[in-house]
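The questions below ask what stands behind the labels given to a structure. Each answer sets a computed value against the criterion for the label.

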Amino acid sequence: MEGLITSLTIFVLAIFVGFEVITKVPPTLHTPLMSGSNAISGITLVGALLSAGHQHTLLTTVLGFVAVVFATVNVVGGFLVTHRMLGMFRKKEDR
Amino acid sequence: MSGALIDLSYLAASALFVFCLKGLSHPRTAVRGNLYGALGMLLAVTVTLLDRQIVSFEIIAAGLLVGSAIGAAFAVKVPMTAMPQMVALFNGFGGGASVLVAGASFLEAIALGELRSDRFLVAVGASGIIGSITFWGSLVAFGKLQGLISEQAMVFKGQHSINAAIGIVCAFLAGLLLVHPDDPANYVSVVGVASILGVFLVIPIGGADMPVVIALLNSYSGLAGAATGFVLDNNVLIIAGSLVGASGIILTRIMCRAMNRSLGNVLFGIGGTVGTGPAPGEEFYEGKVKSASPEEIAMLFDTARRAVIVPGYGMAVSQAQHAVRDLANLLESRGCEVEFAIHPVAGRMPGHMNVLLAEANIPYDKVKEMDEANSGFSQTDVALVIGANDVVNPLARTDPASPIAGMPILDVDKARTVVVIKRSLSPGFAGIPNPLFAADNTVMLFGDGKKAILELIAALKEF
């Protein structure tokens with residue numbers, strides 16, 4: 001029970017931090033925000049690595065493998081496409 | 001590596017994620033912010049690989065390789081106009097990964113005969129449900145945006161009751177997980193039913209409401225990750241997941257407010273009133289619409305001192321952003337001040353238009369948000385609307401009975417002259433006529449966005 005409360009505390013506080021930080025993102029950057037935060041949600045990769053690496057049963061290993069692929073697409077694709085997009089945002093004098 | 005060290009590294013990764021999002025609050029710091037995020041991810045992945053419980057790296061290496069190759073290929077190749085479906089697809093992958101990880105952990109726990117606490121089982125159920133909805137909902141959204149399935153809202157009788165019933169079945173099956181914690185089939189059925197729910201929830205949502213759906217699915221993908229964090233008892237998943245969840249919720253709220261509709265209304269409501277009420281007849285516009293040739297419109301621009309360009313989804317469809325940039329540069333070289341005005345829900349995802357203008361090298365300080373833009377229209381000689389409709393419809397201000405009543409719009413009608421580039425007089429997503437097109441100070445330039453702009457540039461060069 002104690003562990004659950006700790007996890008819930010972290011969960012709720014992180015949501016508040018998210019609200020505070022993201023409210024300041026201007027509309028211009030909303031698309032990069034989505035693709036960037038999307039890449040962060042690929043953090044499930046951490047769990048996928050454990051499932052694929054433990055190799056308890058064939059089935060969990062296969063599930064883990066597919067999960068690693070999915071999450072890696074999300075992470076690598078997300079950060080790269082965000083980087084590509086952000087490189088396009090320039091001020092007038094930078095041109 | 002000791003557990004404490006791993007946890008400390010996860011803490012550092014979480015902090016880097018916060019810096020990442022913080023960096024995104026300004027275009028100048030955004031690139032660095034994104035790199036912080038990538039660094040945080042690299043750190044989290046590296047310390048995870050040092051976990052002593054991992055017995056084999058071949059499978060992991062293969063997965064990482066395949067995933068990186070696919071992700072990188074997508075990221076490098078996708079055109080900016082296709083960004084909404086790209087984000088939708090990536091969202092789906094995140095949700096799918098959550099379903100699989102939660103499932104694998106559940107099976108592992110059964111295989112090892114570990115105690116499966118209620119808390120663990122609830123988290124497994126939540127991951128399965130949220131993850132499946134995210135995965136299938138995102139695939140449907142992708143299909144709609146990519147044009148693989150109809151973008152129209154697909155509405156049928158009793159839709160809400162059916163969805164509610166599926167939702168109840170889903171919750172019931174998740175409850176069974178608690179009663180029979182030894183049966184993997186329960187998890188499979190939870191995932192199966194939630195998948196159907198994911199498809200059904202997004203199918204009835206039409207094109208112009210897509211920004212809300214994408215933002216919401218973004219939020220779900222984060223929450224699915226957080227739920228998986230509860231399954232694995234892993235803080236970095238919980239923190240990263242809730243940050244993304246919060247981000248999606250904020251964007252969803254901004255999009256809803258920009259349409260003056262509640263989230264419930266977008267998801268379950270009128271669906272853009274498609275099919276209700278008579279379509280705007282020819283008689284509404286008859287005899288009132290003035291159409292002009294590119295040469296005549298070039299004459300308007302010839303004397304203009306200040307012009308505001310208002311892009312809509314039509315600009316994305318016709319890939320006109322580069323032509324628009326050329327037009328803006330040409331006008332500026334002739335001494336006309338040029339600005340861009342963007343409505344928050346223009347396009348198919350939050351910030352869609354901004355990215356396209358950035359791609360065309362239009363400096364972001366010339367791109368104005370709605371409030372700032374609206375204060376300038378009365379001093380504007382020409383407002384040029386490209387492929388936008390509902391977001392510039394004055395009925396939102398004047399007709400309380402209109403489906404878009406109260407929706408904040410760009411007040412282009414207050415400019416001295418309005419030029420609207422559009423294929424036809426067909427109504428926008430809201431399915432209502434737009435009196436702007438028939439206004440005294442409006443001229444229409446009918447045709448494809450890109451072609452019309454190019455003709456306009458050619459005509460303007462003659463002066």
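Q: Which helices of chain B do the buried residues of helix 1 of chain A pack against?
A: The model is a predicted one. In it, the buried residues of helix 1 of chain A pack against helix 1 (3-23), helix 8 (210-232) and helix 9 (235-258) of chain B.

Q: Which residues of helix 1 of chain A are called buried, and what makes them so?
A: The buried residues are A:Phe11, A:Ala14, A:Ile15, A:Gly18, A:Val21 and A:Ile22. A residue is called buried because 20 or more other C-beta atoms lie within 10 Å of its own.

Q: Why are the buried residues of helix 1 of chain A said to line one face of the helix?
A: Seen down the axis of helix 1 of chain A, the buried residues fall within an arc of 140 degrees, so they line one face. The face turned away from that buried side carries exposed residues, among them A:Glu2, A:Thr9 and A:Phe16.

Q: How do you know that the span of helix 1 of chain A is close to the one expected?
A: Helix 1 (residues 2-23) of chain A has 22 residues, and the expected span at 1.5 Å a residue is 32 Å. From its first C-alpha to its last, the helix reaches 32 Å, which is close to that value.

Q: How many residues of chain B are in contact with chain A, and what makes two residues a contact?
A: On the side of chain B there are 99 residues, in contact with 80 residues of chain A. Two residues count as in contact because their C-beta atoms lie within 7 Å. Helix 4 of chain B supplies the largest share of the side of chain B that touches chain A, with 19 residues. By class, that side has 59 nonpolar, 31 polar and nine charged residues.

Q: What describes the packing of helix 4 of chain A and helix 3 of chain B?
A: Two packed helices are described by the angle between their axes and the distance between the axes. For helix 4 (residues 58-86) of chain A and helix 3 of chain B, the angle is about 35 degrees and the axes are 7 Å apart. Their crossing is right-handed.

Terms used:
Residues numbered from 1 in each chain as written. Chains lettered and ligands numbered in written order. Predicted model: local features only at pLDDT ≥ 70, side-chain atom pairs only at ≥ 80, totals over all residues. Helix = DSSP H or I, 4+ residues; strand = E, 2+ residues; numbered from the N terminus. Expected span 1.5 Å × (residues − 1). Buried ≥ 20, exposed ≤ 12 C-beta atoms within 10 Å, placed from the backbone. Arc of directions from axis to C-beta. Nonpolar A, V, L, I, M, F, W, Y, C, P; charged D, E, K, R; others polar. Axes fitted to C-alpha atoms, helices over the stretch in contact; angles between N-to-C directions. Left-handed = near helix turned anticlockwise from the far one by under 90°.
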